[in-house]
Amino acid sequence: MTTIKLKPNGKLSIDIALSAVWCIFVLAVSGCNIALMNPIRIVLLIVGFALAAFYIYKYSGKDKEAKIMAVVTIAAIAVRTLYVLYTGAEQRQHDLGEFETFHGYAYHSEYIEYLLNNHKLLDEDITQHWQFYHPPFSHAVSALFFAIYRKLAPASYAHNWDALQCLSLFYSLVTLAVLKKFIELWNLTPKGKTIAYITVALLPEFIVFSGSLNNDPLAITLAISAFYLAWVWYNDEKKSFLKLMGISLCIGFGMMAKISAGLIAFPIGFMMLKAFFESKKKLKMVWQYLVFLAVCAPLGLWYQVRNYIKWQVPLTYVARPDIEASPRQLIAPMPFWRRFLAFEEGVDYNIITETLNQACFDDEYYREHMILAMIGYLLLTAFTVFTITILINFIVNWIKDRDMMNLVMSILLISQLISYVYFCYSYAYTCTMEYRYIVLTCIPAAYYSGKAMKNGPNLLSLFTKVFVYAVAVTSFALYCLAWMLDVQLF
């Protein structure tokens, strides 16, 4: 087994710290709200970003690929920050509701406010309170953060809920930093690593996550961190117990943010199982694994167990949308094949087309704006072709290179897709077909795209590279200009 030697003073902790500094700076200068900006604040933000960009570029490395990755990182930070500034706390959100508006304790906003004001969980049947079925970690962090913010900020900012986007921006930047570090460990060529990084750095969903106030951003950040740590742990000859506990904490807290984060356990579990059979100290690993479960399981499942004990809510309960209020969300029973192969006009139940559309636009509708519609059309076309190249690269890679990384990535990809298809059928609603539920598939997508630079035929390598760049450029352009949808200048 090939082992990975990490530098003891690696940059990931520094990158995370700098991400926190940047997010706090953005909050202090702008309040994460473009309406609060004035010329002085704009200048401060631009100067701050210029200094950050200079630092990233200067200390990125001297080779060409490192410089390209530095430029991509700068672009990724820029578009995420801009997205946060022009997207309000109640814009482009999922099931958030409105802050300081009572809807019977149903939305994420009310969940955050309830914890903020009461310092305890809602002690009522969660099946009667829609989004309250989610575990509380993300909402609790948001409530605590806003409580601190209100004490430190001027009194006039006490209702500036946009400040919460400082957290989502931080989660998004940490995800970016972890993925960059993770990709550096992959068995790819320098060009392959660059392509892999571009694939995830400017992915539309990650840009949207930078301003999302639901529990998706934190859950995904922790799931990706767990996957990264698991790969480091597996390739460590000593199989560090501390790293194993780090994995356990990331999975546990990830599930405490959103139970679906636990799906990352499929590839991680495979690595742990393989490490066990390869080890000569199996008894030692048994007790380490028991400690792993003793930490991870209570963290990840205590809220579901609580709800089962109090109100007999099934452990796998997922709230269903209000069909009386939105009857068009319900998908009528139909043959299995139609959910994948029906392409007629007006079809809104095709899992493939709806997921591709969500991956690019995340529920937003850009077709009524000419410029955004043109960019969006190019993005959707590029993303569709890019998805096809992933499938081809997946097959080619299995023919040419059946190593451990390939196997782990395949398990991640297949487990995500199977669970997603099952979810789409079990909860037959149009709102179920959203890419944010399977955004972790971007990791194997990045890996197989990077491998194409070495394993794929020349034409396939060229196609992969072209459409990775096409998705990145059009995604960057769309989300730099999406504010035009709100002001309707054209």
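Begin by selecting lysine 239, which counts as buried because its relative accessibility is 14%, where buried means under 20% relative accessible area, exposed over 50% and partly exposed in between, with a 1.4 Å probe and protein chains only. The model is predicted, so that local features need pLDDT of at least 70 and side-chain atom pairs count only at pLDDT 80 or more, while totals for chains, interfaces and linings use all residues. Residues are numbered from 1 along each chain as its sequence is written, and side-chain values use heavy atoms, with hydrogens and water left out.

Staying with lysine 239, display the loop between α9 (216-234) and α10 (241-257), where this residue has its place; helices here are DSSP runs of H or I with at least four residues, numbered from the N terminus. The phi of lysine 239 is near 50 degrees, a positive value in a residue other than glycine.

Next, select aspartate 362, in the loop between α14 (351-361) and α15 (370-400), whose phi, near 45 degrees, is again positive in a residue other than glycine. Aspartate 362 is buried, with a relative accessible area of 8%.

Then go to tyrosine 437, in the loop between α16 (404-426) and α17 (442-452), which is partly exposed at a relative accessible area of 25%. Once neighbours within four places in sequence are left aside, its contacts (heavy atoms within 4.5 Å) are Lys258, Gln416, Tyr420, Phe423, Cys431 and Thr432. If you also select serine 225, 212 residues away from tyrosine 437 in sequence, the C-alpha to C-alpha separation is 17 Å.

Now select helix α1 (residues 12-30) together with helix α2 (residues 39-58), whose axes come within 9 Å and cross at roughly 170 degrees; the axes are lines fitted to C-alpha atoms over the stretch in contact, and angles run from 0 to 180 degrees between N-to-C directions. The two helices, α1 and α2, are therefore roughly antiparallel to each other, a label for angles over 145 degrees, with under 35 being roughly parallel, 65 to 115 roughly perpendicular and the rest oblique. To show the contact, pick Ile14, Leu18, Trp22, Phe25, Val26, Ala28, Val29 and Ser30 of α1, then Arg41, Leu44, Leu45, Gly48, Phe49 and Tyr55 of α2. These residues divide into 11 nonpolar, 2 polar and 1 charged, with Ala, Val, Leu, Ile, Met, Phe, Trp, Tyr, Cys and Pro counted as nonpolar, Asp, Glu, Lys and Arg as charged, and the others, Gly among them, as polar.

Move on to α5 and α6, whose axes come within 10 Å and cross at roughly 125 degrees, so that α5 and α6 are oblique to each other. Here Val141, Ser142 and Phe145 in α5 meet Cys166, Leu167 and Tyr171 in α6, a contact with 5 nonpolar, 1 polar and no charged residues.

The last stop is the largest cavity, with a volume of about 60 Å³, in a structure that holds 3 cavities of 30 Å³ or more; a cavity is a set of points on a 1 Å grid where a 1.4 Å probe fits but cannot get out, and lining residues have an atom within 4 Å of a point. Select Ser138, Ser142, Leu164, Leu167, Ser168, Tyr171, Ser212, Leu213, Asn214 and Pro217 to show its lining. Helices α5 (137-152) and α6 (165-183) each supply at least two residues of this lining, and the largest share, 3 residues, comes from α6. By class, the lining has 5 nonpolar, 5 polar and no charged residues.

Terms used:
On a 1 Å grid over the protein atoms alone, a cavity is a set of points where a 1.4 Å probe fits but cannot get out, and a pocket is an open set with protein on both sides within 12 Å along at least five of seven lines; lining residues have an atom within 4 Å of a point. Grid points are joined across faces, edges and corners, and a volume is the space filled by probe spheres set on the points.
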